[in-house]
Structure formats: C-alpha cells, structure tokens
Amino acid sequence: MGAYLWGKDGRRGSPVVVTMGNPNYSVVEIDGPDAAAAAAMAMDKGGRGKTPKQLTWVLLLRAHRAAGYLASLAAAVGRRLRRSSSSGGGVAGGRGRLMYRFIKGFLVLSLLALAVELAAYWKGWPELRVPEMGEIESWAQSAYIAWMSFRADYIRRLIEFLSKSCIFLFVIQSMDRLILCLGCFWIKVRKIKQRIEGDPFREGSGYQYPMVLVQIPMCNEKEVYEQSISAVCQLDWPREKFLIQVLDDSSDESIQMLIKEEVSKWSYQGVNIVYRHRVLRTGYKAGNLMSAMSCDYVKDYEFVAIFDADFQPSPDFLKKTIPHFQGNPELGLVQARWSFVNKDENLLTRLQNINLCFHFEVEQQVNGVFLNFFGFNGTAGVWRIQALEESGGWLERTTVEDMDIAVRAHLNGWKFIFLNDVKVLCELPESYEAYRKQQHRWHSGPMHLFRLCLLDIITAKISSWKKANLILLFFLLRKLILPFYSFTLFCVILPLTMFVPEAELPVWVICYVPVCMSFLNILPSLRSFPFIVPYLLFENTMSVTKFNAMVSGLFKLGNSYEWIVTKKSGRSSESDVLITVEKGTKDFSLPQLQKQISEGEMIELKMQNERQEKAPLVTKKANKVYKKELVLSLLLLTAATRSLLSAQGIHFYFLLFQGISFLFVGLDLIGEQID
C-alpha cells in the first residue's frame with residue numbers, strides 16, 4: 001500500500017506462481033524473498049497435513065530467499081573488491097606475502113579436495129567398503145580409494161600430532177588464564193590494595209615534594225596534542241617542583257607550530273614547560289625519550305612521569321602515585337590503569353575494551369601483587385630516574401622500548417606496583433587499519449626483544465623461578481604460544497580435519513573450552529557479556545595478524561622494526577576536561593601570545609588557520625580489503641561445506657561463523673575509517 005502511495009512499485013524479484021496438489025492451497029503468488037517467507041509461514045499454519053510435494057516447495061521458497069541474500073552479498077563484495085583494486089588495497093609489497101601465498105595455496109587445495117569429495121559423495125564411494133580389484137569400476141574410483149588409504153595412513157598421523165601439540169599448548173594457556181583469574185579473585189576477596197600510609201598532603205605534615213619531570217612524547221598527533229598538554233599542565237603539584245617536556249617528533253611543520261603555540265600559551269601562565277624537537281628522528285619513541293633524558297637539568301629531578309599524546313591524567317595523578325615511592329627504595333615503577341573515553345564507540349572498541357580490561361585488572365594487577373613485575377605500558381606511569389639510569393636507560397634496539405626497560409629493570413632487582421584504582425583517560429583505535437598496525441607492533445616487538453635479551457635473562461643474578469617466569473610465562477606462553485596455537489589450531493588444523501575426517505578434533509576443543517576462556521576474559525567487564533560470541537570469533541580472526549607479527553619479530557624479518565603512530569580521533573574525554581581548558585584560557589589574549597612567539601611564527605600560524613577554514617569537509621576513506629583475512633574466510637567456508645558431508649554439526653557452525661567473521665574483517669566492515 002505504501003509503495004502505491006509514493007507512486008512506485010516496491011516489489012522486487014521475478015514473480016513465481018506455484019500450484020499445489022492439495023485443494024486447500026490453490027495458487028500462491030510470490031513477489032520476492034519476503035513474500036516467499038510469508039507464503040512459507042502461511043503454509044505451515046493450521047496443522048494441516050502436507051504432502052512431500054508441498055514440503056519440497058516450502059524448502060524451495062526458503063532457498064529462493066537465501067539465494068537472494070547471497071546474491072546481494074556477492075554484489076556488495078564485488079563492489080568492495082573493485083574499489084580496493086582501484087585504490088591499491090590489499091597486501092602491501094613485501095609484507096606478509098609469504099603467509100598470503102601459503103593461505104591462498106591452502107584455499108586452492110581445499111577447493112580441489114571439496115570438488116573431489118562432492119563427486120565421490122555423489123557416486124556413493126565413501127559409503128562403500130574397500131572393494132576388491134575386480135569390483136573397481138573406473139580409474140577415478142581407484143584413485144579415490146588410494147587417496148583415502150594415503151590420508152588415513154600418513155596425513156592423519158601428521159594432523160593428529162599437530163593437533164595434540166596445539167591442544168597441549170591450548171590447555172596450558174587456559175590453565176594460566178584460570179590461575180590469573182583465581183589470583184584476581186583472591187585480591188578482591190582479601191581486599192589487597194596498594195595503600196599510602198596516612199595523608200602525606202595534610203596541613204602540617206611537612207611533606208617534602210620531590211622534583212618530578214613530566215614527559216609527553218608525540219609525533220604528528222594533531223588531533224590530541226592540545227587536550228593532553230592541557231591536562232598535564234593542570235597537575236596538582238607545586239609548580240617549582242615539576243617540569244613538563246613536550247617531546248615533539250612531528251615531521252609536519254604546521255603541527256610543530258601549533259604545538260609551539262600551545263606550549264607558549266601555558267608557559268605564559270606560569271607553568272614550567274619546554275618544547276623539544278629533534279632534527280634527527282632516529283629510534284622512534286625510545287630515541288625521543290633518550291634524547292630528552294640527556295638534558296643537563298634532568299639530574300635535578302628524582303622521578304619522571306610519562307604520558308602519550310592521547311592521555312589525560314587527572315589533576316591528582318602525582319599525589320596518588322609519587323607517595324608510594326616514599327620509604328620504598330627498591331620501588332622503580334608505579335603504573336596506573338588506562339580508562340577509555342570511546343570504549344562504546346563501535347564494535348571494535350568494545351572488543352578492545354574486553355581485552356585491555358582483562359590485561360589491566362587481571363594480568364597486571366596479579367603480577368604486580370604477587371611478583372612485583374609486569375611489562376611497563378609505555379605511558380601513564382612514574383619511574384624513579386635512578387632505576388632508569390641503572391638499567392641502561394632507553395634503548396633504540398626494539399619498538400617495545402617500554403617492555404625492554406621493564407625487563408632490564410627487573411633483572412637489576414627493581415620492583416613494580418600497579419594501581420588499579422588510579423585511571424588515566426585515553427583513546428582506543430576506532431578503525432581496523434589503526435588497530436591492526438598497533439597489534440602488529442605489540443606482537444612483533446616482544447619477540448624481537450626476546451631474541452635480544454634471552455642471554456641476559458639466563459646470566460642475570462636473580463632467582464631461578466624469576467628467570468623461569470620471564471622466559472616461560474612472560475615471553476613464551478603469553479607472547480608466542482597464544483598467537484601460534486590460536487592460528488594453527490583454528491585456521492589450519494581445523495579446516496584440514498574436515499578434508500581428513502579420520503583426524504577429527506574433539507568438540508570440547510572447538511566449543512566448550514574457548515567459550516569458558518572467553519567468559520573469563522569478560523569477567524572484568526561484565527557489561528560486555530552480550531559480546532562474548534563476537535569476541536571469541538574476533539580473537540581468532542586477529543590471530544592471523546598476531547601470528548604474522550610474532551614470526552616477523554622472532555626471525556627478524558623486514559617489518560619487525562617498524563613503528564607506525566596509531567591514528568587518533570581526538571575525542572574529548574569528559575565535560576570537566578573541556579571546562580578546565582576553557583577556565584585556563586579565558587584570560588589569555590592574542591597580544592600576550594605574540595610576546596612569546598616570533599613574528600614569522602605568527603604569520604605561519606595565521607596562514608595555517610586560514611587554510612583550515614577554507615578546507616572542505618573531510619570525507620571518510622574508502623574501506624580496504626585485507627586479502628589474507630578474505631582468503632581465510634573462503635577457506636573456512638569451504639571447510640564448513642565439506643563438514644556437511646560428514647554430518648559434523650558443531651564443526652560446521654564454528655567454521656561457518658568463523659568464516660563470516662573473517663569475511664567481515666577482510667572487507668573492513670568492523671570499526672570506522674579515519675582520515
């Protein structure tokens with residue numbers, strides 16, 4: 001009716017007229033898939049008995065609807081592929097090409113095997129006993145029987161060995177995850193918490209404020225520099241007792257000018273803040289921090305707090321962290337927890353929030369309480385400068401300089417504490433492209449570091465159990481084994497078992513244990529419980545990127561030493577941050593700023609502002625296509641089709657949904673795109 005009111009026909013598809021043999025149904029006219037479903041439901045009502053012919057037509061109608069959805073999906077995929085090929089999307093030259101070729105070859109073999117199995121199933125060969133020589137009808141049947149014997153005698157044994165090895169690693173990793181959760185539960189039950197004795201800041205306490213250096217390293221982060229500098233400049237600490245270093249590694253001169261303007265603004269208001277820019281930008285963030293620590297005035301400071309460009313500490317951050325060092329000369333690091341301003345922005349940020357909540361509340365809190373050691377997060381932490389210097393300072397040898405200095409400080413006997421109740425606001429990557437690059441660095445860097453520091457760990461003068469914890473748990477189990485078994489078990493072995501049914505994986509490996517482990521991961525963020533299934537599927541999907549990164553770091557391949565700054569959207573944190581910024585700048589005038597900036601810099605700033613005003617509205621980038629994930633989705637869907645021939649129910653559903661998950665990620669349909 002609505003279609004006629006608007007003057008156009010809303011019907012889709014070719015009309016289908018079906019004549020039923022039962023007089024209760026005469027003629028059914030179907031205009032499209034929706035009408036087909038309605039007709040099918042109408043036939044099911046009333047409790048009337050149906051002939052096989054009627055049931056056949058009902059199934060055909062439903063198949064017609066499914067075919068319509070598949071056709072529209074195929075058209076969307078085709079459009080995305082054409083846009084990607086025209087924009088240069090896909091596997092970058094020289095990066096992950098070996099893995100891509102392996103996956104593509106695996107897909108081709110799977111398609112050939114599926115064609116053979118379908119032909120054999122059509123002929124009824126799999127149901128026959130092994131025939132005598134005289135009973136073989138053709139050379140094709142003879143070849144298929146030879147293939148069945150070969151896979152049962154040889155391929156099955158290899159797959160079973162690999163699957164049992166992965167299951168063994170899977171069980172160990174699951175036990176480690178369970179022990180960490182029990183440790184977290186014990187901490188909550190016993191109310192174990194790092195506390196400051198008394199109130200050192202009460203009137204008359206005579207607390208001696210130590211000298212604190214605050215560093216903000218950044219690189220071409222135009223979206224977030226202003227809010228981070230503003231938050232750090234409002235830290236509640238005597239101004240004569242702390243200095244802020246803005247460590248700008250930006251290559252864009254216009255961004256440099258904007259950051260200089262922000263620094264000059266706060267400097268005019270009496271904040272001790274300096275701007276530093278390196279001409280030779282070597283060593284990425286480690287080189288930037290190392291250069292800043294070489295300044296002569298650093299020797300006057302006792303502690304250094306580090307915040308990345310998108311982090312916004314609360315004004316009382318130093319008062320909640322610095323007192324923990326008092327009376328604890330062995331303490332080298334106080335690490336605060338991250339809190340995310342955009343965790344509910346889209347599905348990708350929600351899934352990231354699950355992972356990071358478990359990382360902070362379970363992994364880091366438990367290791368901090370029971371071991372006094374965890375990996376430094378690179379930001380939102382306070383170091384004792386003496387601990388940095390005695391541990392060798394910042395080194396440029398890897399892209400995980402934070403983990404590097406933490407391991408070396410631990411080997412030198414320094415202790416760490418984690419404050420779960422002290423939170424610093426920051427951003428999560430909202431686009432899959434940014435998240436993928438971040439995860440590549442986070443998983444290739446630790447393996448590269450493991451190669452470099454393994455000998456130092458073995459020869460260090462620490463207890464044997466600390467060495468075992470570093471090598472077996474910190475590096476091998478949580479950084480190497482997890483991405484290895486996740487990719488190998490669910491993306492390689494499971495599809496293989498569909499084509500070699502003699503080596504079937506048990507159901508508990510595919511379903512029950514992964515779901516239980518995902519539930520444990522979600523416990524620290526119970527609001528995310530409805531996302532447990534997408535979380536499980538997405539983690540398996542990300543295993544491709546993590547495995548590729550782990551291999552490149554372990555074997556020092558071309559892109560293992562690569563740092564790409566994670567793109568930020570520049571979302572404001574909360575209303576109070578904006579209020580404080582406005583409060584701090586309401587009395588600040590342009591003539592006062594001109595006294596702090598040269599005339600040439602002011603001209604450049606005015607030109608930059610004019611260009612920004614005249615610039616057109618920024619549009620979102622076109623979605624990319626990630627070929628490895630897309631080919632893996634086809635592989636898993638092919639294996640799901642093969643599982644139907646063996647009537648493996650749970651295997652089929654797992655492969656189907658996992659294949660769809662790879663398809664969504666491969667077409668960049670998760671997260672947002674940011675220019």
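Buried means under 20% relative accessible area.

**View 1. The whole chain, in outline.**
The secondary structure of the predicted chain comes to 21 helices and 9 strands. Of its 675 residues, 49% count as buried. Take the contacts between residues at least 6 apart in sequence: 79% of them join residues at least 24 apart.

**View 2. Helix H6, between two strands.**
Helix H6 covers residues 225–233. Of its 9 residues, 8 are buried, so H6 is largely enclosed by the rest of the structure. The buried ones are Tyr 225, Gln 227, Ser 228, Ile 229, Ser 230, Ala 231, Val 232 and Cys 233.

**View 3. The open sheet of 7 strands.**
The strand order is E5-E4-E3-E6-E8-E7-E9, and the pairing is mixed. Strands E5 (273–277) and E9 (415–426) form the edges, and each pairs on one side only. Neighbouring strands are turned by 20° against each other on average, direction ignored. Strands of a sheet pair through backbone hydrogen bonds, either parallel or antiparallel. The next views go strand by strand.

**View 4. Strand E3, an enclosed strand.**
Strand E3 spans residues 212–218. All 7 of its 7 residues are buried, so E3 is largely enclosed by the rest of the structure. In a regular strand the side chains alternate between the two faces of the sheet. In E3, Val 212, Val 214, Ile 216 and Met 218 point one way. Leu 213, Gln 215 and Pro 217 point the other way. Both sets are buried.

**View 5. E3 beside E4.**
Strand E4 holds residues 242–248. It runs parallel to E3, and 7 bridges join the two. Leu 213 stands opposite Leu 243 in E4. Further along, Ile 216 has Val 246 of E4 as its bridge partner. How does the chain get from E3 to E4? It crosses through helix H6, in a β-α-β crossover that is right-handed.

**View 6. E3 beside E6.**
Strand E6 covers residues 303–306. E3 and E6 pair in the parallel sense, over 4 bridges. Gln 215 stands opposite Ile 306.

**View 7. Both faces of E6, and its pairing with E8.**
Each face of E6 is covered. Phe 303 and Ala 305 lie on one side, Val 304 and Ile 306 on the other, and all are buried. E6 also pairs with strand E8 (residues 381–384), in the antiparallel sense and over 4 bridges. Here Phe 303 has Arg 384 of E8 as its bridge partner.

Tyr 284 lies in helix H8 (residues 284–293). Its phi is near 55°, a positive value in a residue other than glycine. Is Tyr 284 buried or partly exposed? Tyr 284 is partly exposed, with a relative accessible area of 30%. What does its helix touch in the sheet? The strands in question are part of the order E5-E4-E3-E6-E8-E7-E9. H8 packs on this sheet and touches E3, E4 and E5. The direction of H8 makes about 145° with that of E3.

**View 8. Helix H15, with a bend.**
Helix H15 (residues 507–522) has 16 residues. From its first C-alpha to its last it reaches 22 Å, close to the 22 Å expected at 1.5 Å a residue. Where does H15 bend? The bend is at Val 513 and amounts to about 25°. A proline, Pro 514, follows within four residues.

The buried residues of H15 are Val 509, Ile 510, Pro 514, Met 517, Ser 518, Leu 520, Asn 521 and Ile 522.

**View 9. Asp 668, after helix H21.**
Asp 668 is found in the segment after helix H21 (649–666). Its phi is positive, about 60°, although Asp 668 is not a glycine. Asp 668 is buried, with a relative accessible area of 3%.

Key:
Residues are numbered from 1 along each chain as its sequence is written. This is a predicted model: local features need pLDDT of at least 70, side-chain atom pairs count only at pLDDT 80 or more; totals for chains, interfaces and linings use all residues. Side-chain values use heavy atoms; hydrogens and water are left out. Buried means under 20% relative accessible area, exposed over 50%, partly exposed in between (1.4 Å probe, protein chains only). Two strands pair if DSSP finds at least two bridges between them. A crossover is right-handed if, with the strands pointing away from the viewer, the path from the first strand over the helix to the second runs clockwise. Axes are lines fitted to C-alpha atoms, for helices over the stretch in contact, and angles run from 0 to 180 degrees between N-to-C directions. Contact means heavy atoms within 4.5 Å. The expected span of a helix is 1.5 Å times one less than its number of residues. The bend at a residue is the angle between axes fitted to the seven residues ending there and the seven starting there.
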